[in-house]
Amino acid sequence: MEQGSGRQWDGFHRFDDKLVQSGHLNFVDKGYIAPKRKTRKFAVISRFDQSLLGYVQWFAHWRQYVFFPLNCILNKDCLREAADYCDEVTTAHKESRQSFPAIG
């Protein structure tokens, strides 16, 4: 997705290049997973108490971004938000194929 493309992320609010916020969760861009790689890693942080819940990152076997939970408990709303975010970044990655695109 190109900057200014007009594509909306339903249910998400982008504050800057590093922070995307949903109803219960913050997704913080931690950068590329390794030098010269095309996929990124995102920390998933609770908006309630700022605790680190896990990471969203690329899972090559499934060719999509997935949520890697740490020791946490999530309700259906948080799980849905994490799944929706995985869908959004997977779609953005597959559309770009060069690098992770800016969100407009």
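These questions and answers set values from one predicted protein model against the definitions behind the words.

Residues are numbered from 1 along each chain as its sequence is written, and side-chain values use heavy atoms, leaving out hydrogens and water. Because the model is predicted, local features need pLDDT of at least 70 and side-chain atom pairs count only at pLDDT 80 or more, while totals for chains, interfaces and linings use all residues.

Q: What makes up the protein chain, in helices and strands?
A: The chain has one helix and six strands. From the N terminus on, the order is β-β-β-β-β-β-α. Both kinds of element are DSSP runs, numbered from the N terminus: helices are H or I with at least four residues, strands are E with at least two.

Q: What is the mean pLDDT of the chain?
A: The mean is 84, and 83% of the residues reach 70 or more. pLDDT is the predictor's confidence in each residue, from 0 to 100. Over residues 1-8 the value is below 50. This stretch still has 16 contacts in the model beyond near neighbours in sequence. A contact means heavy atoms within 4.5 Å. Where pLDDT is low, the predicted coordinates should not be read in detail.

Q: Why is arginine 40 called buried?
A: Its relative accessible area is 10%. Buried means under 20%, exposed means over 50%, and partly exposed lies in between (1.4 Å probe, protein chains only). So arginine 40 counts as buried. Of the 104 residues of the chain, 38% count as buried.

Q: Why is the pair of arginine 40 and aspartate 29 called a salt bridge?
A: The closest N and O atoms of the pair are 2.8 Å apart. A salt bridge needs a side-chain nitrogen of Lys or Arg within 4 Å of a carboxyl oxygen of Asp or Glu. The pair therefore forms a salt bridge. Arginine 40 lies in strand 4 and aspartate 29 in strand 3, so the pair ties together parts that are 11 residues apart in sequence. Aspartate 29 is buried too, with a relative accessible area of 10%.

Q: What makes arginine 40 and tyrosine 32 a polar contact?
A: A distance of 3.4 Å joins their side chains. A polar contact is a pair of N or O atoms within 3.5 Å; within protein, one must be able to donate a hydrogen and the other to accept it, and residues adjacent in sequence count only if both atoms are side-chain atoms. The side chains of aspartate 29 and arginine 40 also make a polar contact, at 2.8 Å.

Q: How many salt bridges does the rule find?
A: The count comes to two. One of them joins aspartate 77 and arginine 80, with closest N and O atoms 3.5 Å apart. Aspartate 77 is partly exposed at 29% relative accessibility. Arginine 80 is partly exposed at 47%.

Q: Which residues touch the most other members of the largest nonpolar core?
A: They are Leu25, Phe27, Val44, Val56, Phe67 and Tyr85, in a core of 17 residues. Helix 1 gives the most to this core, with five residues. A nonpolar core is a set of buried Ala, Val, Leu, Ile, Met, Phe, Trp, Tyr and Cys residues joined through side-chain atoms within 4.5 Å. In soluble globular proteins, nonpolar side chains tend to be buried together.

Q: Which residues does valine 66 touch, not counting those up to four places away in sequence?
A: Valine 66 touches Tyr55, Val56, Gln57, Phe59 and Cys86. Valine 66 is found in strand 6. The C-alpha atoms of valine 66 and valine 56 are separated by 5.4 Å, though the two are 10 residues apart along the chain. At 12% relative accessible area, valine 66 is buried.

Q: How do you know that cysteine 72 is in no disulfide?
A: The nearest cysteine sulfur, that of cysteine 78, is 9.0 Å away. A disulfide is a pair of cysteine sulfur atoms within 2.5 Å. A search of the whole structure finds zero disulfides. Cysteine 72 is partly exposed at 24% relative accessible area, whereas cysteine 86 is buried at 8%.
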